[in-house]
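Here is a short tour of one protein, written to be read with the structure open beside you.

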Amino acid sequence: MPVPPPDVAKLFASFDGSSAAYQSLARSLDGATSEWPELRVAVLSTCTTEVLQPFLIVEAARRGLRLNLWFGPFGQIEQQVLDAQSPLFAFKPDVVWIFARLEDWAERELLQFAAINLSELRDAIVKRITSITAAARSRTNASLLWSNFATPRLPGVVSAPGLSDARSLNAFCNALNEDMGRALANLSGAWIFDLAHTISQCGASRWTDSRMTLLARIPFSGEALVALSRSLARVLRALRMPPRKCLVLDLDNTLWGGVVGEVGVAGIKMGDSFPGNAYLALQKAALALRNRGVLLAIASKNNEAEALEALAHPDSILRPSDFAAMEIHWEDKATSLRRIAGKLNIGIDALAFFDDNATEREWVRAQMPEVGVIEVPASPADYAAALEASEMFDAPLVTADDLRRAEMYQQQEQRRALQQTSGSVEDFLMSLDMKVQVGPVNGDTLERVAQLIAKTNQFNLTTRRHTQAELAAMIQAGAVALWMRVTDRFGDNGLTGVIIAVPEKEAGLWRIDTLLLSCRIIGRNIETGLLGLLAREIASRGAQVLIGEFIPTAKNELVRDFYPRHGFTAESADGRLWRRELLPLDSFAIPSYLHLAYAE
């Protein structure tokens, strides 16, 4: 379970999880979270869902979100979406959650389930979903979150409960969900909330309250209200907040049982039998995170030689090469975490810390409140589950660049080694043989660009968080959005830069809305080349003056001097707005060591 943010943690201290406690805490949170940014969530459904409100408010606040909820009348999904003047669009939602139950949309067909054409029914439902999504997308840039379909509990429809074949109701729902997933994958800003999984985790028999379903069209038991709110709040957090980039692990009694310095490598617990297999379960979970793009690091109070020997244990799943950074010594853990962040060139708030020692966890919380400290249970049997339940690595999508992140950081170490042997910075940059490809943001790159915008903090001039749908709308309205990909002699750094400029009302005036680089390529002056290509692109569209914007945050001090370094003059006394004439274009010099190519 996520640990609530410090400013509301005291309110959760006496929270007992009862329905009355949810009601009371939701009221208390209204004032305690008033300074938090607001997330506006609209709910469209085929049943009564207003009862979820206090549960959602509490579970969202536990995850650092302040919800403003609007519930549409049940059974009016199309009516709200198809009317551009409807209360739905007047609410101006950031997220629209659409919850349609199969038994509400296709009750007549399901009662004839044994005789109908199942393929035609699936096609009709998916067509209805895509039609609603397309209509909503034309009127709002909100993220559209569709619940998938759980198998209805309809007496008489299932001929032999417990048996399943290609024509069973369960198989039909599984196929329908697969068809729905494929259809929505092609629609920008549309996501699936896995309601079917949430119900299976709770237990279908405990999900509904038959009496309340019949009396008030509320198909949720008290247990279901909690489970659904937790799952939905978790998804909302993943949609709006970037995941942690690096999991920092302790060693003794975390990745193996025992203290290697006391019992030796032969005496540590790591293997197929308990408790050794519990530690291996955590290692497997950590390796799975690494394989989807999360960096792994070690912060251990230990003798380095003995620790590395333990990682070479024949039963160990994780090896030294799996870790992007290692701090193994006798200094305090906060010092180790700061060094890890520095080595990886990521913010401290990108770290998640997993240590079996409660004292070490409290020390890190006190010294570095930005770090995500995972509450570790007493039994190693529960370690892997605690890592998953922390929700710190939840992400709505995993890109190809994510899958290569660990490899990219290994290549970064090779670059550092080269830099140390180079005579000058210029020599180093020239020897990298950098090839920079720049192209327009489109359907092929929209997801990765939106992801980069959501999580980049250090080299980010404005730190605006645009969703896929918002990006698509900006481009449609005339914005120029360019992505950048960098390769060098050590490998491909991936899509690591974004610049977006929008035309202003004044003829010939354009403004840079977004300019960011991944931390992997900071320090190579690549941003100068990106700016030069943008200048040439917007000049071809009639631009004469470029306005740069700098919005300071606690994390982007690195780029405060970007605009004056690139020939812009101050347009405002607060240092936020900067101005530069576009002509002559050759004044936007592109470093000679960058081999630039433009991809159509």
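## A walk through the model

Let's begin with the surface: the accessible area of this protein comes to about 26100 Å², and carbon and sulfur atoms account for 52% of it. Please keep in mind that this is a predicted model.

The protein is built from 26 helices and 18 strands. Along the principal axes, its C-alpha atoms fill a box of roughly 80 × 75 × 50 Å. The radius of gyration is 27 Å, which agrees with the value near 25 Å that a compact globule of 600 residues would have. Of the 600 residues, 52% count as buried. Among contacts between residues at least 6 apart in sequence, 72% join residues at least 24 apart. As for charge, the protein has 61 positive and 70 negative charges, and their mean positions are 3 Å apart.

Which residues touch the most other members of the largest nonpolar core? They are Leu 67, Trp 97, Leu 145, Trp 207, Phe 220 and Leu 236, in a core of 46 residues. Helix H13 (residues 222-240) gives the most to this core, contributing nine residues. Apart from it lies another core, of 38 residues, which includes Leu 44, Phe 91, Leu 121 and Leu 154.

Next comes His 466, in the loop between helix H23 (446-455) and helix H24 (468-476). Is His 466 buried or exposed? His 466 has a relative accessible area of 14%, so it counts as buried, the cut-off being under 20%. Not counting residues up to four places away in sequence, His 466 touches Ala 450, Ile 453, Leu 471, Met 474, Asp 513 and Thr 514. His 466 and Gln 451 are 15 residues apart in sequence, and their C-alpha atoms are 9.1 Å apart in space.

Helix H23 itself is largely enclosed by the rest of the structure, because eight of its ten residues are buried. Among the buried residues of H23 are Arg 448, Gln 451 and Lys 455, along with Leu 446, Val 449 and Leu 452.

Finally, some backbone details. Most residues other than glycine have a negative phi, and most peptide bonds are trans.

| Site | Backbone feature | Value |
|---|---|---|
| Phe 274 and Pro 275 | cis peptide bond | omega about 5° |
| Leu 583 and Pro 584 | cis peptide bond | omega about 0° |
| Asn 253 | positive phi | phi near 60° |
| Asn 525 | positive phi | phi near 60° |

Where do these sites sit? Pro 275 is in the loop between helix H14 (260-263) and helix H15 (276-291), while Pro 584 lies in the loop between strand S17 (577-581) and strand S18 (594-598). Asn 253 belongs to the loop between strand S6 (246-249) and H14, and with 27% relative accessibility it counts as partly exposed. Asn 525 is found in the loop between strand S14 (509-517) and helix H25 (526-539); at 32% relative accessibility, Asn 525 counts as partly exposed.

Key:
Residues are numbered from 1 along each chain as its sequence is written. This is a predicted model: local features need pLDDT of at least 70, side-chain atom pairs count only at pLDDT 80 or more; totals for chains, interfaces and linings use all residues. Side-chain values use heavy atoms; hydrogens and water are left out. Helices (H or I, at least four residues) and strands (E, at least two) are DSSP runs, numbered from the N terminus. The radius of gyration is taken over C-alpha atoms; the globule rule is 2.2 Å times the number of residues to the power 0.38. Buried means under 20% relative accessible area, exposed over 50%, partly exposed in between (1.4 Å probe, protein chains only). Contact means heavy atoms within 4.5 Å. Accessible areas come from the Shrake-Rupley method with a 1.4 Å probe; for residues, only the protein chains shown count as cover. Lys and Arg count as positive and Asp and Glu as negative; His and the chain ends are not counted. The place of a charge is taken as NZ of Lys, CZ of Arg, CG of Asp or CD of Glu. A nonpolar core is a set of buried Ala, Val, Leu, Ile, Met, Phe, Trp, Tyr and Cys residues joined through side-chain atoms within 4.5 Å.
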